[in-house]
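Colleague: Hi, could you walk me through this one? I have a few quick things to ask.
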Amino acid sequence: MHVLPEICKKITIPDGHIWSYDNLPRYYDVMPWNYIASIVKTYDEPLSLVDIGANIGDSASLWRSHFDEHHDVICVEPDKRFYQTLQQNVKIIGGCKTFNCLYNAGISIDQLNYHSDGSQTGVTTLRKADCNEPCIAFDTIDINQLIKQMNNSTAVLKTDTDGFDLHILTNIKDTLKNDLHTTFPVIFSEGPEKHDYQDKKLMYEWIDLLKQYIDIGYKVILFSNFGHPYVFCGQHKDIIESTLLGLHHSFLNKRPVCHYVDIILTDSQQAFDSYCSL
């Protein structure tokens, strides 16, 4: 049975949202946030949460299960249907600012597609050259605008956009440069999408990006789709490469050993070591 903290049970969860599924893994979504909370609690001052792809506020509710409203939340959700539910839920969660916007990753909006199933996810992707669909029409917000909305100087960054996270992580790294560590010492991102695992070029783009984060001091932990730690990569680039290429080959052979991974990046060696020892 899926186990959720009490505040998460109070928010509105629409039919079709993954939390409404039967037979979810017991600690699905909960375990990574427990680890993030253990890092945040090592700081003397409150941290904010910048939640890109906030959906209905499910991540914000997990954050609030650990922290009071001094740890504010900045929610970014472009889909109007999810945003309506998000606005209801933040009244329960508290300490949230919401923006009905698409994150501006430095890519012109006329180069993007957006699709939503209306119940669970919204998917942002780059437009193909032969795409005949109308261009999307969203307001956008960039990382510097989001930082100005934070009540605290330091934050956890979470991004879950079903297909656009590679571009978001690249944009934030390139935009903030030397300020990245002090602004976002912890980053929680969805990893490659299912179709990415079958594309070797895309997999190497993910591998190269994670290696760049290692070069600037972050440690990497991969979580499985069940919500449990999958591989403690630390700063070992060869482990990241072998893990993601191993998943690539398992998808090509139609025997995926893990359907997707989530990624936690932390600049704290102490937090990484303490979690590995559990």
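Modeller: Happy to! One term before we start: two residues are in contact when they have heavy atoms within 4.5 Å. Also, this is a predicted model.

Colleague: Good. Which residues does Glu193 touch, then?
Modeller: Leaving aside residues up to four places away in sequence, Glu193 touches Asp162 and Gly163.

Colleague: And where is Glu193 in the chain?
Modeller: Glu193 sits in the loop between strand S9 (186-190) and helix H8 (194-197).

Colleague: Is Glu193 buried or exposed?
Modeller: Buried, because its relative accessible area is 17% and the cut-off is under 20%.

Colleague: Let's zoom out. How many helices and strands are there?
Modeller: The chain has eleven helices and twelve strands. Of its 278 residues, 52% are buried.

Colleague: New topic: how do H9 and H10 pack?
Modeller: Helix H9 (residues 200-215) and helix H10 (residues 237-252) pack at an angle of about 160°, and their axes are 10 Å apart. An angle over 145 degrees counts as roughly antiparallel, so H9 and H10 are roughly antiparallel to each other. Their crossing is right-handed.

Colleague: Which residues make that contact?
Modeller: On H9 they include Met203, Trp206, Ile207 and Leu210, and on H10 they include Ile240, Leu244, Leu245 and His248. By class, the contact of H9 with H10 has nine nonpolar, one polar and five charged residues.

Terms used: Residues are numbered from 1 along each chain as its sequence is written. This is a predicted model: local features need pLDDT of at least 70, side-chain atom pairs count only at pLDDT 80 or more; totals for chains, interfaces and linings use all residues. Side-chain values use heavy atoms; hydrogens and water are left out. Helices (H or I, at least four residues) and strands (E, at least two) are DSSP runs, numbered from the N terminus. Buried means under 20% relative accessible area, exposed over 50%, partly exposed in between (1.4 Å probe, protein chains only). Axes are lines fitted to C-alpha atoms, for helices over the stretch in contact, and angles run from 0 to 180 degrees between N-to-C directions. Angles under 35 degrees count as roughly parallel, over 145 as roughly antiparallel, 65 to 115 as roughly perpendicular and the rest as oblique. A crossing is left-handed if the near helix is turned anticlockwise from the far one by less than a right angle, and right-handed if clockwise. Ala, Val, Leu, Ile, Met, Phe, Trp, Tyr, Cys and Pro count as nonpolar, Asp, Glu, Lys and Arg as charged, and the others, Gly among them, as polar.
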